[in-house]
Every structure is written in structure tokens, then in C-alpha cells.
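Hi there,

Here is the structure I promised to pass on.

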Amino acid sequence: MLKEKDTIVAIATPSGYGAIAVIRMSGKNSLKIINNIFVSISLKNKLSENSLNLGFIKIKKKIIDKVLILVFKKPKSYTGEDVVEISCHGSMYIQKKILSIIIDQGARLANPGEFTLRAFINGKIDLCQAESILDLVNSETLFSHELAINQMRGNISNIIKNLRKKIIDLLSLIELELDFSEENLFVLNKRELQKILDNIIKKINDLIKSFKIGNALKNGILVSIIGCTNVGKSTLFNKILKDERSIVSNIAGTTRNYIEENLIINGIKFRFIDTAGINNKTKDYIEKLGIKKTYKNIKKSDLILYVFDCLNEEIIIKNLKSLQEKYPKKKIFILINKYDLIKKKINLRNYKDIFHISAKYGYGIKNLLDEITFFSKKITSLKENSIIITQTRHYENLKKAIFYLYKVKEDLEKSISPEFLYISLQTALECLGQIIGEVTNEDILSNIFSKFCIGK
């Protein structure tokens, strides 16, 4: 995947016109290439030290642009190699011309994420920190930014390294047990081993439980607006977003597919979904497909806004019970819409979260959003200095690790041979190692770094 002898180059700033653009180069020939095409205003002949230099990019005595050159000598650079960053004017012609000149000098265009990949391979960051850089670039809210910063600082990495050290210590004890087993000497203290295992399992369980919070903070809290046809779901969706995003009409089944839009409230990202109306009597094939997607979105959602436009308690309770039987753990807000026409409030037995609204005129919408925000704080509440995981890859590896640790605990109680304890512990150790890149393979690296932009 990585050709270490190659010098790579890429435009690091977004495509398009701007005041300034940055072109980044990394590899053993970076200084040689820049010295071939750069003339310093200070008339220094060579660029060789960590420095900031003003001058001109020239090719065949023709000036291309006046630029600033940043030189980072290895190993004190982002990639751990010699790195040169060129700040030029944002003209698309200038950017492409400088890039072309550098490629003509022997560099090649970088692959997505290749600068960060080199930083990982050269030991500047671990795999967990590499992923946090991508999260930082993509962060949209205060919370997603803070999570990425904490991960980039190594908070999660340090916990994983500490857990791996404890497992390695256990493996060392088991090796001693195996070495001295023929001499009838017993090194393992079962009770002490159980205590250490319980401590490791508790910490991994805490990380696994944090994923729900981390996923909500990073990707957004999913809120589905559901209900029968023509109850005002799309009108409510538009009113919440303050935009005519969904088509609204009096024709039943207008919304055939779901529409999703993001909204940031008090630093928390919400993903609101306008779903197809639930009409179990329909014979329309396309409408049936839309309803099927509605149920899929309900399954994924953190919160359901169930919209009604009638005061018939029996119908409302029947529909609510039907939904709760399918999704017993889902939080549901009951919305009685078209209050401007109904002008009557109802109380449902055993149901508390009832909101009387007018999606058309905005009545009750502010109160509804306040309650949605309050609900979000319950599922994203963080204790001070909490460590939160946000990557599905980390979550899956932690689940695998804890499976094998529970197996060790079970085998220990059954007095299973130490060889089997060793194998399970070794597997758990590898699962944790994959999180930080202590144990990895090219497929994992390709999958992670392909998500990066070129130039990072």
C-alpha cells in the first residue's frame, strides 16, 4: 500500500478559488524538489532547515507565483518525513501548475489519507489517533469537535494500551504456570486472576456502553416523524427546519420516500426524518415500499414523533400499542396536530409525553423542540472526564475482546487447562491491538484511509 521511497504531493485546501491555497509534499526528495523550483527573496541558495521562506516558484526562468514555503525536517514533521508546504495564491491555474511542476520533478500525486497513513507508519500517531483526525476534519458541532480532540490527544489510546498491558501481565503468569507445570509448582492464584479479569471487563464494558452516546454526538440524534397519511408530518418537518423541504399537499401518500435533514440545536446534531404515511390498507406498490422504509427508520431512531390529527382516544391508543409492541424500548412523543382546528386538549391514560401543536401556524413547536433538546441531554449526558468511543470499528473490536475475556473467566471457574486460557487471552489482546494499530493488516488500513481526502 505504501511505497516508502516515493515523494508524494497534493493540494491540501478545498478545490476552487480562494485567496490562498496550500500544496503539501512529503518524502525523501521533498527538499531536493523544492530547491529546484524555488528562489528565495533573501537569496539563500538552499532550503534545508525548519524554516519559513518567502520567494518565487520558477520554472525555466518563468515566475509562476510568489509563495511562502514551510520546511519541516524529519522526524519533526506531521508524517515523520521531510515535509514542504507551499502557500500560494488561490488561482486554480496556479495550483495546478505548481502541482504539475512538482510531479515533473519526480513526485507523485498522493492517495487519499496518505500523509496521515505515513504519520501512522512512522510512529507519529496510532491508528485510533489517525481516525480522530478524520473526525476532527468532519466535525460539525461543539460535541463532535470535543470528542475528536480528546481522541486525538490519545485519551482512548492510553486506556487501550493500559488494558493490553494488564492482559500481557496475565499472559506472562500463564506462561510461568505452563513452564513449571511439570514440576507441580502453581503460579496462578485463581482468585487474584478473577479480580484482574473483572477489572478489565468492567473498563471495556464502560467503553462499549459509551458508544451509544458517542454515536449520537458524532452522527446526530435520529428523530423520525411518523403517522398516518395526511396528518401533517411534512408540514411539521418543514416548520422544524424553517424551510420548505418536503412537498405538502392534501393528496394522501404524497411522501413516498423518507427525507432526512440535519439541524444543530445547542451544539447537538439532530437528524430529522419525514417518513411515508403509514397506510396498511394501501395496494399501491410504491407506497408499500415507502411504508417499509418508515419502519426501518423507526427501528434506527432514538426518538419517535408520532403525529395524530384526531381526538379519538381509542384509535390513538390502538396505534400507540401496536408500535410499542414492535419497538418496546423506543421513546415516543405523541403529537396532536391541527390544534388550530381541533381547539381541544386530550389526556391519554398511561401516556405522559403529549404535545398539542399546529404545524401549519407553529403553535407548540418551540415547546416541542425544547423537550426534544431536553431528551437529547439524557442520552448524551457525559460525566466529567468521560472517555467516549465513536468508531464502529472500535465498538466491534471491544465486543470481540470482551467475549474472549468472559470465556477466560468461565474456563477459569471450570479449571480448564491454562493453554486454553492463554489462547483466549491472546485473541482478546489482538482485538484491542487492532483498535490502536498494534495489530493490523493492509485491508483495515485501506478501509480507514480511503475515507480521508487527498492532501490529509
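This is a predicted model: local features need pLDDT of at least 70, side-chain atom pairs count only at pLDDT 80 or more; totals for chains, interfaces and linings use all residues.

Let me begin with the cysteines. The count of disulfides is 0. Take Cys88: the closest cysteine sulfur belongs to Cys453 and is 16 Å away, so the two are too far apart for a bond. A pair would need its sulfur atoms within 2.5 Å to be counted. Cys88 is buried, at a relative accessible area of 1%, while Cys228 is partly exposed, with 32% relative accessibility.

Next, the helix pair. Helix α7 spans residues 190–219 and helix α13 spans residues 392–413; their axes are 10 Å apart and they pack at an angle of about 155°. That angle makes α7 roughly antiparallel to α13. The crossing of these two helices is left-handed. On the α7 side, the residues making the contact include Leu193, Leu197, Ile201, Ile204, Ile208 and Phe211, and on the α13 side they include Tyr395, Leu398, Ile402, Leu405 and Leu412. Sorted by class, the contact between α7 and α13 has 15 nonpolar, 5 charged and 3 polar residues.

Finally, have a look at Thr116, which sits in helix α3 (residues 114–121). Thr116 is buried, with a relative accessible area of 0%. Leaving aside residues up to four places away in sequence, Thr116 touches Tyr78, Ile125, Ala130, Ile133, Phe449, Phe452 and Lys456.

Best wishes

Notes:
Residues are numbered from 1 along each chain as its sequence is written. Side-chain values use heavy atoms; hydrogens and water are left out. Buried means under 20% relative accessible area, exposed over 50%, partly exposed in between (1.4 Å probe, protein chains only). Axes are lines fitted to C-alpha atoms, for helices over the stretch in contact, and angles run from 0 to 180 degrees between N-to-C directions. Helices (H or I, at least four residues) and strands (E, at least two) are DSSP runs, numbered from the N terminus. Angles under 35 degrees count as roughly parallel, over 145 as roughly antiparallel, 65 to 115 as roughly perpendicular and the rest as oblique. A crossing is left-handed if the near helix is turned anticlockwise from the far one by less than a right angle, and right-handed if clockwise. Contact means heavy atoms within 4.5 Å. Ala, Val, Leu, Ile, Met, Phe, Trp, Tyr, Cys and Pro count as nonpolar, Asp, Glu, Lys and Arg as charged, and the others, Gly among them, as polar.
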